[in-house]
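Please look at the structure shown below before reading on. The paragraphs that follow lead through its strands, its charged pairs and its aromatic rings in turn.

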Amino acid sequence: MQLFLKSIATCALFVFFIYSTAQSLAKVQDVDDGTRVSYRSSLLNRTDISQNQSPFHSRRLRQAPDDGGLEGTETSFKEESVQDRATKTDSEEIRVCGEGLVLPLWMPQKNISMGDRLIRGFVYFLLLIYLFVGVSIIADRFMASIEAITSIERTVVVRGPNNEKQTMHVRIWNETVANLTLMALGSSAPEILLSVIEIYAKDFESGDLGPGTIVGSAAYNLFMIIAVCMVWIPAGEVRRIRHLRVFFVTALFSIFAYVWLWMILSVISPGIIEVWEAIVTLLFFPITVIWAYIAERRMLVYKYMDKNFRVNKRGTVVAGEHDQVEMDAEKGHHPMVGFPSHRNSDAEAFDEARREYINVLSELRQKYPEADLDQLEMMAQEQVISRGNKSRAFYRVQATRKMVGSGNLMRKIQERAHSDLTEVKAQLQQSDEEDPDEQPTRIYFEPGHYTVMENCGEFEVRIVRRGDIHNYSTVEYETQDGTAVAGTDFIGKKGVLSFPPGVDEQRFKIEVIDDDIFEEDECFYIRLFNPSENVILSVPQIATVMILDDDHAGIFAFSDSSFEVSESVGLYEIAVMRYSGARGTVIVPYWTEDETAVGGKDFEAVRGELIFENNETEQKIQVLILEESSYEKDVSFKVHIGVPRLAPDSLHYHDELQAKIQEVERKDTKDLTELDRILLLSKPRNGELTTSHVRIRESKEFRATVDKLVAKANTSAVLGTSSWKEQFKDALTVIPADESEFDDGDDDVEEVVPSCLSYISHFVCLFWKVLFAFVPPTNICGGYVTFVVSICVIGIITAVIGDAASYFGCALNIKDSVTAILFVALGTSIPDTFASMIAAKHDEGADNCIGNVTGSNAVNVFLGIGLAWSIASIYHMSHGMTFNVEPGTIGFAVGLFVAEALVAVAVIMFRRWNKNIGAELGGPKNSKYISASILVFLWVFYVVICTLEAYDIIRI
């Protein structure tokens, strides 16, 4: 904000300098003996003369008389001028203002003193500043709608690295096309609309204000903005253009646009714009967009150019231009690889964003080890949005909001990150949060498998009811024989279970018969059937009951040969089962072994012993799985159990079975009885599964969260609004701005309380904020309604700016061409300056600083002048006339700009290819200040020479 106020003060001083200069130049012009008639009055009598003149004639040559009638006219004009000069006072030497299109004229216009003109000029200057602020604020809404439109996504299915299908959302708009069409229109809308509106205001005749603003804005953008960005880069850092092919196309067309403009003004048909010239100028706009798109997508001839591949900073192999690969190599990031990438570009972009999120999450986990995952995910989402590639619209909106006291977009990013995470978590838990009353009534066993000892006596079976439990329900059950037989191994049972309203479970008991005979493990089943009306039997509707013999020490093994766990499981328990007996106390050793999973990194290695007490059938090995928050993870390790042994007699372990087995083992084999052999078989031993593989996979919830958050990680919603309530709240609230964007301080310092300047700028701009809060929010019709309303409002304000600029120049005796090149072009370009400064500081590349400048300059001519002149030339052709445009200052300014633009591009490319600098922006202190000084000199030289030519001090 301080920089903005300093800019206004500098402009005010500049106004008085130009005014004093204009007065001096006007007096010099009055002394000139070669007084000339106006171009419009001369042109009425020279329809045939223009075709016979040299194509390189100047404004003065075309106004010179060629016949007696014109000579007499000029003679009489001279006599009248001499007579007038003898009688007019100094205040009457200044021209009288004409009526504007929208803004009323300040009356009276005659017999005005010099002091009155100064006051009027100052008032018009303040009005222009206020109008520029207003058009910047509505352009904020306009750019937000453009961001909403260009961020529209479509769902695509691509193949992953392992040929699996991935569904993702990708933007419909190509970045290059968006930058050269809607983004360029958003940043240049005032200049383009001013050119069109001026044509209408002057009854479809040419003017100097519109074309002069476009040419002056192009000069300021190319020279001053790039110069500021060069020195604004933090010390020791550089910024390079990443899309070099696109930059070459836009730079070529930006220079060609003004060469073409000079040719149709002064060479092809001097002074006359024919219909075909205007239409071709307009058609160059889509040609530029298409050519840039072809270059960016490597189509046609570009696919045969040198194409390298590189491994980016996240480990993805992507196609890259040769300069990009060299830049990464210089920085020591990743070497170039010599094989092509077969991944779809959309999939690569999605993987890139996903890896960025995971890397940020890992960094935050190390920085905040005590924070829970939800907090880390929210901070990661915030940083991903902050670090992600931002469009020109984002920086333009951020710069405008800082200037007018509407706060920093980083606050909205924080709010957006929190809302994104909340929404994603709600979506993932949606199935769990469904109203159970809306679900059908279901009855099933829980659990569906029971393991009991032969000597347990009886055990309890549990049946649950889920869904709608407000009604009365019944279900029948019965036991069914398996290897265990009713009456011998268990007591069969059959009955009906009743569930009164509100009751969600019922239990019943089954008795197991014990004997002293060694038997294998046996099982039987319990079945549910015949439920009441509106009740569904769900799985498991049949429960399995395993009866373990208690006369054997048991066989020990894992319950499964492999287990798959999520890395977010934490402490994972691996079950070791004891079957075919459960008598005595048995000790089973266990340990883990690394495979692709590494102890201490993926899990905590363990080693120990499991102690199975008498009649205990299951023990669990606890292994801590370490969470890395990996998106894709597939590692494994082994868990082993050793040879089980009976616990020795001690104070803690004592069993008669151990003594009996030891006694039998001391006997000779020939002396063993059948009972002794059975007793030896009852020793504890291992089963088949003594080794189990544990496979660690990524967390499905984490993966789903990452996918959804990455899909939402864009700035379109940050720029846009969702309701009128939100817009009016933002308009009436003073939000502290982070001034670190415009100083060399620490970026981490936040201003908690709004500063005095924030309050001043807020109340100064309050009228515009409240007025533009009536513009429809961007979430209506995807931003298209906001787009249409905003551009209409910009057109209205631009019309007022055109009138105010004309009155301002008239009051201070400054010509429209000079007013356009200096004041109007400067006023419309200040927000772009601040936006480029922010982009230069925070972007990794220079595309948003340099590439968009050249693109906007080309679009301004092709769309701004091409559209306006097409309308005017068609109108004149339909009335049997020609559309006449005096080259004058505009033609001279265009030629001068082309020459200086070539120098500026040469300086930029020299900096890129110079080994000591190696980048367009930043670099060594001396080199960047020298380069910036050259560009500033080019702009000052351009302004001074154009001003001198406009007042005929320099004649071409």
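Predicted model: local features only at pLDDT ≥ 70, side-chain atom pairs only at ≥ 80, totals over all residues.

**Strands, charges and rings**

An open sheet is formed by four strands, in the order E22-E19-E17-E25, with mixed pairing. Strand E22 (618–624) and strand E25 (685–686) are its edge strands, and each of them pairs on one side only. Strand E17 (residues 555–558) and E25 run parallel and are joined by two bridges. Within this pairing, phenylalanine 556 has asparagine 686 of E25 as its bridge partner.

A further strand, E26 (residues 691–697), may be examined next. Strand E18 (residues 562–566) runs parallel to E26 and is joined to it by five bridges; here glutamate 564 stands opposite arginine 695 of E26. Strand E23 (residues 634–641) runs antiparallel to E26, and seven bridges join the two. In that pairing valine 639 stands opposite serine 692 of E26.

The charged side chains come next. The count of salt bridges comes to 18. One of them is formed by the side chains of glutamate 237 and arginine 239, with a distance of 2.9 Å from N to O. Are these two residues buried or partly exposed? Glutamate 237 counts as partly exposed because its relative accessibility is 33%, while arginine 239 counts as buried because its relative accessibility is 7%, buried meaning under 20%.

Another salt bridge links glutamate 618 with lysine 620, whose closest N and O atoms are 3.9 Å apart. Glutamate 618, at 33% relative accessibility, counts as partly exposed, and lysine 620, at 39%, also counts as partly exposed. Elsewhere, salt bridges that share partners join Glu446, Glu460, Arg462, Arg466, Asp504, Glu505 and Arg507 into one network.

Arginine 466 lies in strand E10 (residues 458–466), and glutamate 446 lies in the loop between strand E8 (441–445) and strand E9 (449–453), so the pair ties together parts that are 20 residues apart in sequence. Arginine 466 is partly exposed, with a relative accessible area of 24%; glutamate 446 is partly exposed as well, with 28%.

The aromatic rings complete the picture. A search of the whole structure finds 31 aromatic pairs. One of these consists of phenylalanine 125 and phenylalanine 808, a tilted pair with 6.4 Å centre to centre and 40 degrees between the planes. Why does this pair tie together parts that are 683 residues apart in sequence? Phenylalanine 125 lies in helix H5 (residues 114–150), whereas phenylalanine 808 lies in helix H22 (residues 784–811), so the contact spans that separation. Both phenylalanine 125 and phenylalanine 808 are buried.

Aromatic residues also occur in a cluster, in which ring pairs link Phe253, Phe256, Trp260, Trp276, Phe284, Trp291 and Phe862. Finally, a charge and a ring are brought together where lysine 815 lies over the face of tyrosine 951, at 5.5 Å from the ring centre.

Conventions
Residues numbered from 1 in each chain as written. Heavy atoms only, no water. Salt bridge = Lys/Arg side-chain N within 4 Å of Asp/Glu carboxyl O. Buried < 20%, exposed > 50% of the residue type's maximum accessible area, 1.4 Å probe, protein only. Pairing = 2+ DSSP bridges. Phe/Tyr/Trp six-rings, centres within 6.5 Å; stacked < 30°, edge-to-face > 60°. Lys NZ or Arg CZ within 6 Å of the ring centre and 35° of its normal.
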